[in-house]
Amino acid sequence: MKIRQTTFALVAIAGVSLLAACGGSDSSAPESEVAPAAEEVVLDNGMTPKEQIELRQGQLKKLGKAFKTISDQLKASEPDMAAIQAAAASVPVESEGMADWFPAGTGPDSGVKTDALPAIWEEPDLFTEKLSDFQMAAGALATAAETGDLAVIAPAVATTGGTCKSCHEKFRSDD
């Protein structure tokens, strides 16, 4: 009888362990403790984490495209100044409100693929400082591009790019 009880207990423990490992839920847990899917969560801005992350990624791609245009033109034998100026002017415009692109709930823990690291929400003051540095440099880049002088534009591009790199080192994965 004792062996049968021990065997039953071991089988029960193994079964519970397997359920836990497979993501089985504890039916005694209140519903409020069960995390909803990312598509079901609504952020304070009315968007789902997926929508917010896609919006953020879209804006960041626009910025990347502007920097690629500038970089390509600076490398060209005959740079297109109008293209440089248009791209440089778009950077401060496209990055406006950048801090709002990263609301709580849009990090890796949202279940949506993102290169944003948890450090963004763990160190918000430093993150905000890095964003501010970028936006100041972006404004200076646009102003430098207005001069039409490559000797003024090139260092402004390097400075602005440096602010991107500085932020990515701490707050972005897969770089």
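H3 passes H5 in a left-handed crossing; left-handed means that the near helix is turned anticlockwise from the far one by less than a right angle. The model is predicted, so local features need pLDDT of at least 70 and side-chain atom pairs pLDDT 80 or more, whereas totals for chains, interfaces and linings use all residues. Residues are numbered from 1 along each chain as its sequence is written, and side-chain values use heavy atoms, without hydrogens and water.

H3 spans residues 81-94 and H5 residues 124-147. Helices are DSSP runs (H or I, at least four residues), numbered from the N terminus. The two pack at an angle of about 155°, and their axes lie 8 Å apart. Axes are lines fitted to C-alpha atoms over the stretch in contact, with angles from 0 to 180 degrees between N-to-C directions. H3 is therefore roughly antiparallel to H5 (over 145 degrees).

H3 contributes Met-81, Ile-84, Gln-85, Ala-88, Ala-89, Val-91 and Pro-92 to the contact (heavy atoms within 4.5 Å). From H5 come Phe-134, Ala-138, Gly-139, Leu-141, Ala-142, Ala-145 and Glu-146. The contact residues comprise 11 nonpolar, two polar and one charged. Ala, Val, Leu, Ile, Met, Phe, Trp, Tyr, Cys and Pro count as nonpolar, Asp, Glu, Lys and Arg as charged, and the others, Gly among them, as polar.

A disulfide is a pair of cysteine sulfur atoms within 2.5 Å. The count by this rule is zero. Cys-164 is in no disulfide, and its nearest cysteine sulfur, in Cys-167, is 8.1 Å away. That distance is too far for a bond. Cys-164 is partly exposed at 22% relative accessibility, whereas Cys-167 is buried at 10%. Buried means under 20% relative accessible area, exposed over 50% and partly exposed in between (1.4 Å probe, protein chains only).

Definitions and conventions: Parallel < 35°, antiparallel > 145°, perpendicular 65-115°, else oblique.
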